[in-house]
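I opened the model to look up a few backbone and strand details. My notes follow in the order in which I checked them.

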Amino acid sequence: MSSAKSASETPRSYKLFIDGKWVDAESGKTFTTPNPATGATLAEVAEGDKADIDKAVVAARTALEGKWSKVSARDRGRMMYKLAQLIEARIGDLAALETADNGKPIKETTYVDLPQVVENFEYFAGWATKIEGETIPVPGQMFNYTLREPVGVCGQIIPWNFPLLMAAWKLAPALAAGNTVVLKPAEQTPVGAMELGSLIQEAGFPDGVVNIVPGYGETAGAALASHPGIDKVAFTGSTEVGKLIARAASDNLTKVSLELGGKAPNIVFADADIEQAVSGAMMGIFFNQGQVCCAGSRLFLDASVKDEFLDRFKERAGRVKVGDPMDASTQMGPQVSEEQLNRIKGYVDIARGEGASVLAGGCPPQLEGDFQKGFFFQPTIFGEVKNSMRVAQEEIFGPVVSIISFDGEEDLIKQANEVVYGLSAGIWTKDITRAHRFARAIKAGTVWINTYNMFNAASPFGGYKQSGYGREMGKHALEMYTQVKSVWVDLSGKPIGWYGN
Ligand code: NAI
Ligand code: MG
């Protein structure tokens with residue numbers, strides 16, 4: 001693989017990473033990935049399909065039963081720690097590539113995405129030596145214990161909104177627990193994962209432990225999810241595709257974990273610190289161009305603070321610096337693709353049609369030069385939204401927030417839970433009893449109190465309801481990547497006796 005180059009140079013090229021080798025797709029096909037800030041081609045990438053997935057699954061199975069099974073837990077942890085160090089040493093150029101591939105501001109890739117990638121590999125490196133079975137106090141002259149073993153070959157399908165971080169969330173617990181992996185990055189953002197392939201090799205993982213097959217969802221992704229040779233499929237993406245994956249996996253009873261969409265309520269009570277709540281609402285919806293599954297996209301405002309809050313919020317939204325994502329002072333880059341941009345524009349029309357008003361944004365910004373070809377959109381606020389409207393019920397996945405009113409705590413909880421999703425929620429109040437009452441009443445996998453978008457590799461993340469099942473990060477992630485075996489041993493030395501002697 002070529003070493004770091006600035007994103008503006010001639011397009012890079014990547015092959016598939018299968019069994020420790022860089023290979024062309026069986027079909028010989030390639031696809032290109034653009035820089036969403038300018039539309040210029042960033043890279044040409046081999047296009048994996050069913051035949052390549054087949055090869056990768058065989059390589060993963062061979063490694064699982066061969067070399068990888070002989071690597072001690074300590075050495076697994078050391079390889080993962082080495083990988084974390086190799087990534088850390090390249091944060092600058094990996095962040096620039098991630099920004100060029102996805103469009104998110106360089107400030108975010110440098111200070112959030114990449115450091116969290118490192119943190120996840122480090123955290124799970126530590127777990128490798130701490131995955132233990134138990135002894136069970138069964139009656140009689142018997143010894144019963146459990147072994148916690150890897151699930152096996154894991155198919156992992158990830159989205160484009162945090163390309164490298166999603167790869168880390170998936171790979172780190174799988175590797176710590178001794179599994180092997182076939183990873184399919186999103187077609188919009190394959191570059192980071194391919195760079196990771198080189199570092200995985202450098203860190204000393206045996207060939208075939210991690211295989212990376214970029215390609216489209218309907219072809220490579222579908223082939224992976226329905227593959228009879230995998231033991232588990234882990235997916236992050238749309239709820240729609242999550243359902244397809246669960247269906248495909250059901251044919252082989254492959255284990256499934258899903259991290260899907262969200263429509264999080266972010267709630268401001270009258271007693272909140274308004275400045276803190278405004279900054280939290282900004283972080284909740286404008287971070288990563290709003291392309292965040294746990295985005296605070298339904299902003300519930302207490303009637304008594306609504307006007308003051310909205311004045312400040314509109315003013316702050318209007319000041320968000322949208323533009324060149326490589327500029328260190330940029331706060332919002334382009335959406336990842338024209339498809340996503342059009343989707344957001346479509347929701348602006350839907351909002352107007354439903355009777356909502358546009359309080360800020362609602363269209364692309366005026367930019368100059370090459371950035372006119374980028375997929376930019378302005379921070380957008382919809383007022384007069386009812387929780388039953390489509391813009392309040394459907395995941396928009398853009399910098400678009402709906403303002404909703406509520407009448408007391410009971411009404412609030414009802415509205416907050418009236419949605420098919422349950423990934424996360426935020427609440428802003430100084431009343432600690434109310435805050436914790438809310439944390440219990442809300443049906444969501446994460447609750448933030450007087451903060452938003454906080455993550456740590458040690459803290460579990462995942463969904464209630466149609467936001468999915470399984471938990472990533474923290475020790476709970478290991479449950480998804482291990483299975484328990486119960487072993488019975490007779491200590492009496494006598495025949496069983498049931499049928500007499
Ligand atoms: P998507 O769910 O289609 O794509 C996510 C991943 O799944 C990609 O790697 C894709 O190649 C793969 N995939 C697509 N179809 C597949 C299939 N039939 N079988 C196996 N794998 C398949 O998401 P998309 O189309 O990029 O975005 C649409 C919407 O999904 C967004 O607007 C957003 O609402 C939601 N989304 C949610 C994410 C999350 O973090 N929960 C991430 C990305 C998208
Ligand atoms: Mg799709």
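This is a predicted model: local features need pLDDT of at least 70, side-chain atom pairs count only at pLDDT 80 or more; totals for chains, interfaces and linings use all residues.

Entry 1. Strand β14 covers residues 298–302 and runs parallel to β17, with five bridges between the two. I then asked which residue of β17 is the bridge partner of Leu301. I found Ser405 there.

Entry 2. I looked up the pairing of β17 with β16, the strand of residues 380–383. Three bridges join β16 and β17, and the sense is again parallel. For Phe382, I noted Ser402 as the bridge partner in β17.

Entry 3. Is strand β17 largely enclosed or largely open? I checked residues 400–406 and found six of the seven buried, so β17 is largely enclosed by the rest of the structure. For this count I took buried as under 20% relative accessible area.

Entry 4. I turned to backbone angles and looked up Asn453. Asn453 is not a glycine, yet its phi is positive, at about 55 degrees. I located Asn453 in the loop that connects β20 (446–449) with β21 (464–465). Its relative accessible area is 12%, and because the cut-off for buried is under 20%, I recorded Asn453 as buried.

Entry 5. I also noted a positive phi at Lys465, about 45 degrees, and this residue is not a glycine either. Where does Lys465 lie? I placed Lys465 in strand β21. With a relative accessible area of 35%, Lys465 went into my notes as partly exposed.

Methods
Residues are numbered from 1 along each chain as its sequence is written. Chains are lettered from A and ligands numbered from 1 in the order in which they are written. Side-chain values use heavy atoms; hydrogens and water are left out. Helices (H or I, at least four residues) and strands (E, at least two) are DSSP runs, numbered from the N terminus. Buried means under 20% relative accessible area, exposed over 50%, partly exposed in between (1.4 Å probe, protein chains only). Two strands pair if DSSP finds at least two bridges between them.
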